[in-house]
Amino acid sequence: MDRLAVDGGEPVRRGALTPRQPFPPDAVRLATEAIQSGSLFGVGGPLTRRFESEFAAYYGARHAVTVSSGTAAIHTALAAANPEPGAEVITAPITDAGSVLPILYQGCVPVFADVADHLGMAVEAVEACVTPRTAAIIAVHPFGGATDVRALRDLADRHGITLIEDCSQAHGTRFHGEFLGRYGHIGVYSLQQSKHMTAGEGGVCVTDDDELAARMRLFSDKGWDRAGAGARGYPRLGLNYRASELVAAVTLPQLSTLDAVLAGRRRLAALLDVAVDKAPGVTRWQPLTGCDASYWCYPFFVPGDVTRWADALAAEGVPTTPGYIGKPIYECMAALADAYPPGLCPRATDALTRLMIFWLHENLTEDEIADVGAAIIKVANALVD
Ligand SMILES: Cc1ncc(COP(=O)(O)O)c(C=O)c1O
């Protein structure tokens with residue numbers, strides 16, 4: 001058996017993997033034009049208006065509202081749902097803090113529903129969390145895969161609650177033929193650097209509902225009713241979550257490259273699947289049936305200590321993130337320490353102790369993916385009995 005590089009053996013590969021370049025040449029042109037125009041103010045700006053209309057068209061939505069981050073998008077969506085203070089909002093334990101912070105800042109109580117094998121919330125777990133105080137569900141679509149939002153929309157409608165889809169990691173993912181973000185009352189997308197489409201920071205909310213769209217525009221613009229007659233009026237509370245024209249400038253051209261980004265990631269993920277299937281003890285992450293995953297990253301499960309795996313893979317030339325967030329999000333956030341009992345979401349806790357993330361992206365070459373696969377097989381042969 002080959003000696004692991006971490007033990008002094010020859011590494012599978014040397015040198016860094018190809019970095020990602022998400023910005024097409026037109027992003028530079030549009031950003032330059034925006035700067036040369038002398039105005040980068042986003043509200044009503046020509047690029048923001050064009051971006052919103054093309055983003056909405058891509059997803060087949062009536063409205064798209066651009067904001068300053070994915071967290072801001074979730075907050076904007078939740079505020080538009082207008083929950084009473086103290087209302088409960090159900091969300092996932094495997095996610096970014098950005099899915100949870102808006103619930104707290106909206107004066108609501110996060111309730112965590114445990115995950116299914118695909119690492120999104122299990123529908124039965126969500127159902128068990130519903131109470132008369134439930135105002136909304138924030139369904140997080142993990143890693144470019146889907147949570148079962150068909151069933152969750154049905155559940156939400158039965159209980160008269162709002163379904164918000166957190167598609168931060170799932171741009172362009174289709175589920176039973178329809179885009180994620182289109183099953184809920186509102187879909188939200190982060191444009192943070194690691195996402196399929198990015199402006200470094202930014203976010204977008206989509207909806208078909210005119211009233212929700214109007215509330216989202218108000219909320220993200222300090223509650224300022226710009227269309228109102230006469231003196232300045234703030235009919236509702238809001239925050240300044242506005243995005244500048246630069247967000248639209250660099251993201252707009254990525255609407256034209258998104259399909260190629262998705263196709264590239266799916267092709268490389270399929271190649272890596274073949275290698276992972278040959279690695280003893282290693283199992284693939286399986287997206288929910290009916291979902292054409294967009295691979296925000298490439299998750300896989302390993303037996304044993306994930307840190308040891310990450311160290312061994314790094315020495316072979318393959319960087320990974322062991323455990324993703326390591327433990328359920330409520331255990332990661334000091335503000336929520338002791339608020340939730342240990343063992344609340346046992347499946348999430350267990351999955352995170354076995355989960356490895358490889359940051360797959362469309363600019364990697366097939367040779368690099370072959371090296372990644374070879375490294376996983378080599379480490380598995382050494383670490384798994
Ligand atoms: C699932 C999920 N929700 C919410 C967010 C928050 O997005 P942002 O970092 O743009 O505020 C992220 C991104 O980090 C995310 O991955």
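**Around the ligand and outward**

Of the 14 residues around the ligand, Gly 70, Thr 71, Asp 166, Ser 190 and Lys 195 come nearest; a residue counts as near if one of its heavy atoms lies within 4 Å. This is a predicted model, in which local features need pLDDT of at least 70 and side-chain atom pairs count only at pLDDT 80 or more, while totals for chains, interfaces and linings use all residues. Residues are numbered from 1 along each chain as its sequence is written, and side-chain values use heavy atoms, with hydrogens and water left out.

Start with the polar contacts, meaning pairs of N or O atoms within 3.5 Å; within protein, one atom must be able to donate a hydrogen and the other to accept it, and residues adjacent in sequence count only if both atoms are side-chain atoms. Ser 190 places a polar side-chain atom 2.7 Å from an oxygen atom of the ligand. Lys 195 also reaches a ligand oxygen atom with a polar side-chain atom, at 3.0 Å. The protein buries 91% of the 390 Å² that the ligand exposes when taken alone. These accessible areas come from the Shrake-Rupley method with a 1.4 Å probe; for residues, only the protein chains shown count as cover.

What does the shell consist of? It divides into two nonpolar, nine polar and three charged residues. Here Ala, Val, Leu, Ile, Met, Phe, Trp, Tyr, Cys and Pro count as nonpolar, Asp, Glu, Lys and Arg as charged, and the others, Gly among them, as polar. Helix α3 (residues 70–81) gives the largest share of the shell, three residues. Helices (H or I, at least four residues) and strands (E, at least two) are DSSP runs, numbered from the N terminus.

Next comes Gln 169, in the loop between β5 (162–166) and β6 (174–175). Its relative accessibility is 8%, so Gln 169 counts as buried. Buried means under 20% relative accessible area, exposed over 50%, and partly exposed in between, with a 1.4 Å probe and protein chains only. A polar atom of the Gln 169 side chain lies 2.7 Å from the backbone nitrogen of Phe 143. Beyond its neighbours within four places in sequence, Gln 169 is in contact (heavy atoms within 4.5 Å) with residues including His 141, Phe 143, Lys 195, Trp 296 and Tyr 324.

Tyr 324 belongs to the loop between β13 (321–322) and α11 (329–332). It is not a glycine, yet Tyr 324 has a positive phi of about 50°. Its relative accessible area is 16%, so Tyr 324 is buried. Leu 119 is another non-glycine with a positive phi, of about 80°. Leu 119 sits in the loop between β3 (109–112) and α5 (123–129). At a relative accessible area of 2%, Leu 119 is buried.

Move to strand β2 (residues 88–91), which holds Ile 90. Ile 90 is buried, with a relative accessible area of 0%. Residues up to four places away in sequence aside, Ile 90 touches Val 111, Ala 113, Met 121, Val 126, Cys 129, Val 130, Thr 134, Ala 136, Ile 137 and Ile 138. Val 100 is 10 residues from Ile 90 in sequence, and their C-alpha atoms are 9.5 Å apart.

The loop between α3 and β2 contains Glu 84. Buried or exposed, where does Glu 84 fall? Glu 84 is exposed, with a relative accessible area of 58%. Its C-alpha atom is 8.9 Å from that of Gln 106, 22 residues apart along the chain.

Gly 238, in the loop between α7 (210–219) and α8 (245–251), is partly exposed at 24% relative accessibility. Gly 238 and Ala 79 are 159 residues apart in sequence, but 8.4 Å apart from C-alpha to C-alpha.

Two helices remain. In α9 (residues 254–276) sits Asp 273, which is buried at a relative accessible area of 14%.

In α12 (residues 346–354), the buried residues are Ala 348, Ala 351 and Leu 352. Seen down the axis of α12, they fall within an arc of 100°, so they line one face of the helix. The arc is that of the directions from the helix axis to the C-beta atoms. An α-helix has 3.6 residues a turn, so residues three or four places apart point the same way. The buried residues of α12 pack against β12 (298–301) and β14 (355–358).
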